[in-house]
Amino acid sequence: MRVHYLQHVPFEGLGSISTWMDEQNHSLSSTRLYANDPLPTVSDFDWLIVLGGSMNIYEEEQYPWLIAEKQLIKQAIEEDKIVLGICLGAQLIADALGSKVYAGQHKEIGWFPIKITEAVQQSGALEFLPAQLTVFHWHGDTFELPEKATRLAYSEGCLNQAFLYGEKVLGLQFHLEMDRPGVQQLIENCASELIPGKYIQTFEEMLSENKNFAEIHEVMYQFLELLSHQYQRGK
């Protein structure tokens with residue numbers, strides 16, 4: 001499978017996703033938007049991954065490449081590609097599907113639990129998801145649930161934490177791919193956001209967690225397997 005990912009800042013990469021991709025022997029290519037790399041055409045990939053970033057989706061004057069990126073994401077969805085968005089990436093997908101993206105009531109930064117919606121628990125379609133999972137967050141914006149999308153998860157501080165649109169488009173507001181070096185990079189580059197807040201941890205608290213990394217990586221792999229299976233079904 002030809003997988004292409006869009007990277008918005010040098011300090012937010014694929015994390016554990018790259019390990020899974022290597023194990024599956026998928027072809028992997030990238031666009032470093034922060035370095036003004038050219039975007040691919042939709043025919044260049046089977047699977048598009050849209051990573052996180054410190055900018056907001058509506059900061060087009062400061063980051064003009066957002067305009068073309070949004071068009072690419074929308075076209076990828078329309079042409080039935082697999083599309084996975086993480087944090088900023090999920091917000092960009094929501095925007096491409098016509099939903100509002102806006103500043104949330106609370107910033108969530110650190111390890112906080114999400115709960116799986118009752119509808120998902122009853123459906124059995126995502127049986128690998130536990131009823132509750134502690135995941136890593138770093139976001140201030142949120143989004144309205146896209147029309148015809150299924151809400152997968154929520155948290156105390158954020159109603160829409162994950163959604164599935166159709167069978168091939170997945171948006172995750174949180175970071176299942178994050179590893180310890182990735183958390184350290186975020187802290188080093190975005191330390192100004194670590195101000196006291198209801199859902200903002202200190203860097204000591206964020207780095208004190210060990211078992212959480214293995215748990216979120218396992219769920220990330222399960223999501224990747226799910227999307228890969230949908231690709232194989234569609235061939």
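Trainee: Where is Y34 found in this model?

Mentor: The model is a predicted one. Y34 lies in the loop between β2 (27-32) and β3 (47-50).

Trainee: Why is Y34 called partly exposed?

Mentor: Its relative accessibility is 34%. Buried would need under 20% and exposed over 50%, so Y34 counts as partly exposed.

Trainee: Which residues does Y34 touch, not counting residues up to four places away in sequence?

Mentor: Y34 touches Q7, H8, V9 and P10. For V9, 25 residues apart from Y34 along the chain, the C-alpha atoms are separated by 5.7 Å.

Trainee: What makes α2 roughly perpendicular to α3?

Mentor: The axes of helix α2 (residues 65-78) and helix α3 (residues 88-96) cross at roughly 70° and come within 9 Å. Angles of 65 to 115 degrees count as roughly perpendicular, so that is the term for α2 and α3.

Trainee: Which residues meet there?

Mentor: From α2, L66, E69, K70, I73, K74 and I77 meet L92, I93, D95 and A96 of α3. By class, this contact has six nonpolar, four charged and no polar residues.

Trainee: How do you know that C87 is in no disulfide?

Mentor: The nearest cysteine sulfur, that of C158, is 9.8 Å away. A disulfide needs the two sulfur atoms within 2.5 Å, so the sulfur of C158 is too far from that of C87 for a bond. The count by this rule is zero disulfides.

Trainee: Are C87 and C158 buried or exposed?

Mentor: C87 has a relative accessible area of 4%, and C158 a relative accessibility of 6%. Buried means under 20%, so C87 is buried and C158 counts as buried.

Note on methods
Residues numbered from 1 in each chain as written. Predicted model: local features only at pLDDT ≥ 70, side-chain atom pairs only at ≥ 80, totals over all residues. Heavy atoms only, no water. Axes fitted to C-alpha atoms, helices over the stretch in contact; angles between N-to-C directions. Helix = DSSP H or I, 4+ residues; strand = E, 2+ residues; numbered from the N terminus. Parallel < 35°, antiparallel > 145°, perpendicular 65-115°, else oblique. Contact = heavy atoms within 4.5 Å. Nonpolar A, V, L, I, M, F, W, Y, C, P; charged D, E, K, R; others polar. Buried < 20%, exposed > 50% of the residue type's maximum accessible area, 1.4 Å probe, protein only.
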